[in-house]
Amino acid sequence: MGVCSPVCKGLRRAKYLVLLLVSLSVLVWVGTFSGEVVKSFQVSHATTQTLVKGDSLADKLWTVVPDPTQTEPPKEECPQESPLLQGALKLSFEPSLKLQDVERENKGVAKGVYKPPDCIARESVAILIPHRSRERHLLYLMHHLHPFLQRQQLHYAIYVIQQAGDATFNRAKLLNVGYLEALKDYNWDCFIFHDVDLVPENDRNLYRCDNQPKHLVVGRNATGYKLRYKGYFGGVTALTRDQFRQVNGFSNTYWGWGGEDDDLRIRVQMQKMEIVRPPADVARYTMVFHKRDAGNEVNKDRMKLLVQTSQVWRKDGLNSCSYETLSVERKPLYVNVTVDIGKP
């Protein structure tokens, strides 16, 4: 027993020493592993690094790739009054202007649609333009109207409704078609019914709808910037989706020039709605000169039709608008809808 006791004591001390060394090794390993995990976690949540190899070691660069899981902060609603407005504008109608020029100037527009890049628009607006054989007028309007609308920070789309064939032109029916076709794309808040030859001169003439139907053309250069006549409701008008449906849209029976805008005014008044207008110094337009188109002669029956409006408006309008859609082309600057609307 006397000999065994020192040996046993030595073995026990060696055992304790081994246990101590193992414990220290484990602690060092745990500390190192935890540090690497933290570093890995921080890197994975900040950026992902990718090594780009060049021709030599000196050309090796680390490029930082944003983490796709990181989302941008939500946009705020656009201000009530856009800070981009300029007021009265100097318009130009250069003979050398080309479609490619206008497309290049409006790269934020895609397939006729635009949204403000920095904020959420307060209103979504569909611009409806009845059209046939007015390519130059349409080009000038696109040139001025797109930047005009963008400065107002609107979410908008422009629809050009082309009447196929050579039958007498029917502006009102084409606008009904535009309303119905545009709603297939989006539930627009507001509709602007816009002649192709009228260009707005002041971007404070806001293309937004009101609590009441709005007439945007108080004056134009061709009339000395005065209202054409008391009660005039043509050229450019703005109605909400519900207002236009409430009056059953335009009449479909006005073939040729004149009468359809007065018919719409009567429908509005019959619904106990009032027509509002912007200030006269703001609601100014330049009318691009043109001769009257063949196929758009003065409608000699317009006065007879106006007398009947109060009796027929419920059954003549959106709910009776029959047409055949021939094509829908989503061009860079506008949606081109070509339709067959029949004949008188």
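Trainee: Leaving aside neighbours within four places in sequence, which residues is S82 in contact with?
Mentor: R151, Q152 and Q153, once the neighbours within four places in sequence are left aside. Contact means heavy atoms within 4.5 Å. Keep in mind that this is a predicted model: local features need pLDDT of at least 70, side-chain atom pairs count only at pLDDT 80 or more, and totals for chains, interfaces and linings use all residues. Residues are numbered from 1 along each chain as its sequence is written, and side-chain values use heavy atoms, with hydrogens and water left out.

Trainee: Where is S82 found?
Mentor: In the loop between β2 (61–66) and α2 (99–105). Helices (H or I, at least four residues) and strands (E, at least two) are DSSP runs, numbered from the N terminus.

Trainee: Does S82 count as buried or exposed?
Mentor: Buried, because its relative accessibility is 6%. The cut-offs are under 20% relative accessible area for buried, over 50% for exposed and partly exposed in between, with a 1.4 Å probe and protein chains only.

Trainee: What does the side chain of S82 reach?
Mentor: The backbone nitrogen of L84, at 3.1 Å. A polar atom of the S82 side chain also lies 2.5 Å from the backbone oxygen of R151.

Trainee: New topic. How many residues of α4 are buried?
Mentor: 11 of the 12, so α4 is largely enclosed by the rest of the structure. Among them are R171, K173 and E181. Helix α4 covers residues 171–182 and reaches 16 Å from its first C-alpha to its last, close to the 16 Å expected. The expected span is 1.5 Å times one less than the number of residues.

Trainee: Which aromatic cluster includes Y179?
Mentor: The one formed by Y179, F191, F193, F244 and F250. Y179 is also one of the buried residues in α4.

Trainee: And what lies over the face of Y225?
Mentor: R284, at 3.7 Å from the ring centre.

Trainee: Where does pLDDT stay under 50?
Mentor: Over residues 33–63, for which the model has 25 contacts beyond four places in sequence. pLDDT is the predictor's confidence in each residue, from 0 to 100. The chain averages 87, and 79% of the residues score at least 70.

Trainee: Now the whole chain. How many helices and strands?
Mentor: Seven helices and 13 strands. Of the 344 residues, 44% count as buried. Among contacts with a separation of 6 or more, 79% come from residues 24 or more positions apart.

Definitions and conventions
A polar contact is a pair of N or O atoms within 3.5 Å; within protein, one must be able to donate a hydrogen and the other to accept it, and residues adjacent in sequence count only if both atoms are side-chain atoms. Rings of Phe, Tyr and Trp (its six-membered ring) pair if their centres lie within 6.5 Å; planes under 30 degrees apart count as stacked, over 60 as edge-to-face and the rest as tilted. A charge sits over a ring if NZ of Lys or CZ of Arg is within 6 Å of the ring centre and within 35 degrees of the ring normal.
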